[in-house]
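These are my notebook entries on a structure I opened today, written down in the order in which I looked things up.

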Amino acid sequence: MKQNLYNKVFDRHVVSRLSSGQYQVLIGLHLVHEVTSPQAFALLRERRLKVRFPNRSFATVDHIIPTDSKERHRPLQDSLAEEMLQAIEKNTKDFGVSYFGPESGKQGIVHVIGPELGLTQPGMTIACGDSHTSTHGAFGSLAFGIGTSQVADILATQTMSLGRLKVRKIQVDGKLSPGVYAKDVILAIIRKLGVNGGVGYAYEYCGEVISNFSMEERMTLCNMSIEGGARIGYVNPDETTFEYLKGRPYSPQGADWDKAVEYWRSIASDADATFDDVVTLDGSSLAPHVTWGITPGQSVAVDENIPTVASFSESEKPLIREALEYMDLQDGQKIEGLPVNVVFIGSCTNGRISDFQEAARVVKGHKVAPGVKALVVPGSEAVDKAAKALGLHEVFREAGFEWREPGCSMCLAMNPDKLKGREICASTSNRNFKGRQGSPAGRTLLMSPIMAAAAAVTGKVSDARKVFGLK
Amino acid sequence: MTADSLIITSVSGRGIPLRGNDIDTDRIIPARYLRCVTFDGLGEHAFEDDRRGLKAKNQIHSFENPDFQGASILFVDKNFGCGSSREHAPQALMRWGIKAILGVSFAEIFFGNCVSLGIPCVTVDEATAQKLFQAVESNPSANWTLDLNTLQISGTINETVIMPAGPQSQFQSGQWNPMNELLSHLPEVDEVAAHLPYVSGRW
Ligand code: SF4
């Protein structure tokens, strides 16, 4: 008793204590994509090693894949992207790893397909050469990003070297008001604790707001843990988790199901579990958030003004000035009303079916403002199919959005979807770093899908609650 | 290679200062250079957009500055290497010539990636970082030594640095890249796997 989920799951996966004092930890599920894996497979070839547990790694392609259907035929126009695509096809084939390529019906952003296939389950250790692996913590697993050397370690041994983290409980009480979503909650948490507040910690999210969240909302929340510096963020598994997983392709079936649920319950934090730190937030008072700067911690509620430089400590001031200069904003200025050029709804943060359902619901009957380019990009082929079955793609198209094929798209600059020049993008992705969306001078404002929809139809940062009459 | 030949107990060379908090991996190596299947040639693109951005304003980025070419010890501020898990970031720095990094704090995945590549990252408090920045900037040709046994940085001034005991012993023992040691425990891996219902399939 008195144990939290993090320590229970960690302990069950420890293989040995390494000479460095670090732990050798078994990684139960390894997800692989085309960007961070080719050098790892090359190392295995060089050392004549095979993949130790080929049935515990699953690969897809997401970062480099064009989202315009005309650009998806092979060979890809970008020869470097084509080379990467060929590399993952060959590597997975040579080493006997499952690969979900385009047209398989299972391709998509790695953090969207893991959960929807039922690969992601409570109590697992999950790693992927991608920092947003924290997403999978929504199921009560320890899921974290790794570098390519560790991808090679896991391929060769199914284990990696890890230190034990501290655990911070983040409790969000109350009820969110209409127009406020998981994206706003996590932006508010990062704003409060800082972009490096989570270094050395795993975050356990709990409280009324989190319990009431759907699995997709929990994924949005856990996804951005890393933006707050926490490599891992998780939610204890509950009925919502089990209901989501039931009947998915890789979920336990038949008699195993009940035993699995029992096991999953046993790894949740005990009622009297102890934590290294506890932080509470009042969800009822939250408003929709928008970032104004160049880190995900630089956000304000849509009805607030951008903070003044003077309100920061001396050591923080240079970064605030740098952000204002890069974004071409005045300190103390209102964020509402700032014109946008591009709107992007998608990514592993907000590219799931409920994100598109919510956005389509409010977009219906509106038109994208003149001069605004608006993209909707499903996170996976399955999301695309589900959205089309509901006619969501038509709702968006009628309103003047482009409906694209699944991939990372404009979240980062590795495929043809890019900002140009100094364009400002209202984006549902997770990073507003300088140059992140493909133009070295491009500007990103992070927000929820509803807020991005409001920006699309008004052509500027707007309070979605007012635009769509959400009460 | 034996672990002995991989032992790293000190790094020496000239310093290069890079001020600024929250410098993310997208800035260290812009995503367009991740379209590759090897890490070759990444060094020349380190900080490419930041370098260009400053040039356009008639300023100069440290990685562009002739004074700091050939430097091996990078001095940074707070939360260096945040963002993406791309090992391409430390690979780019390493291929540019960086062998050790000293800063106020590091993002966790970046720190771990550096360990796997044999690049020690050590920390100091903000006031010490300021003193070191000034020392490196005012005398770019000075030689610095980072001693991982005594946890000291010494050059024109001497300061104590911090490194957690785990990574410190990884460098001291030459086990910073753990793959060989991980491979030596494969039977125990099978044993742990057999007890995990979702891996063994026995619920
Ligand atoms: S959508 Fe963005 S953050 Fe997510 S995996 Fe793709 S590039 Fe990374």
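This is a predicted model: local features need pLDDT of at least 70, side-chain atom pairs count only at pLDDT 80 or more; totals for chains, interfaces and linings use all residues.

Entry on the interface. I looked up the charged pairs first, and between chain A and chain B the count is 5 salt bridges. One pair that I followed joins D190(B) to R52(A), with the closest N and O atoms 2.8 Å apart. I then turned to the extent of the interface, where 77 residues of chain A are in contact with 57 residues of chain B. The two chains bury about 5500 Å² between them, and 59% of that area is on carbon and sulfur atoms. On the side of chain A, the residues that lose the most area to chain B are S20(A), Q39(A) and F433(A), which together account for 9% of what that side buries.

Entry on salt bridges overall. Over all chains, the count by the rule above comes to 39 salt bridges. I looked at the one between D270(A) and K8(A), in which the closest N and O atoms are 2.9 Å apart. Because D270(A) lies in the loop between α10 (255-266) and β12 (277-282) of chain A, while K8(A) belongs to helix α1 (residues 5-13) of chain A, the pair ties together parts that are 262 residues apart in sequence.

Entry on a helix pair in chain B. I took helix α3 (residues 88-96) and helix α4 (residues 108-117) of chain B, whose axes come within 9 Å and cross at roughly 50 degrees. This angle makes α3(B) oblique to α4(B). The crossing in which α3(B) passes α4(B) is right-handed. I listed the contact as A89(B), P90(B), Q91(B), L93(B) and M94(B) from α3(B), together with F110(B), N113(B), C114(B) and L117(B) from α4(B). Sorted by class, the contact of α3(B) with α4(B) has 7 nonpolar and 2 polar residues, and no charged ones.

Entry on a helix pair in chain A. I next looked up helix α13 (residues 353-363) and helix α16 (residues 449-458) of chain A, which pack at an angle of about 35 degrees with their axes 9 Å apart. The crossing of α13(A) and α16(A) is right-handed. In α13(A), the residues D355(A), E358(A), A359(A), V362(A) and V363(A) meet P449(A), I450(A) and A453(A) of α16(A). I recorded the classes for the contact of α13(A) with α16(A) as 6 nonpolar, no polar and 2 charged residues.

Terms used: Residues are numbered from 1 along each chain as its sequence is written. Chains are lettered from A and ligands numbered from 1 in the order in which they are written. Side-chain values use heavy atoms; hydrogens and water are left out. Axes are lines fitted to C-alpha atoms, for helices over the stretch in contact, and angles run from 0 to 180 degrees between N-to-C directions. Helices (H or I, at least four residues) and strands (E, at least two) are DSSP runs, numbered from the N terminus. Angles under 35 degrees count as roughly parallel, over 145 as roughly antiparallel, 65 to 115 as roughly perpendicular and the rest as oblique. A crossing is left-handed if the near helix is turned anticlockwise from the far one by less than a right angle, and right-handed if clockwise. Contact means heavy atoms within 4.5 Å. Ala, Val, Leu, Ile, Met, Phe, Trp, Tyr, Cys and Pro count as nonpolar, Asp, Glu, Lys and Arg as charged, and the others, Gly among them, as polar. Buried area is the accessible area (1.4 Å probe) that two parts lose on being put together, summed over both. A salt bridge is a side-chain nitrogen of Lys or Arg within 4 Å of a carboxyl oxygen of Asp or Glu.
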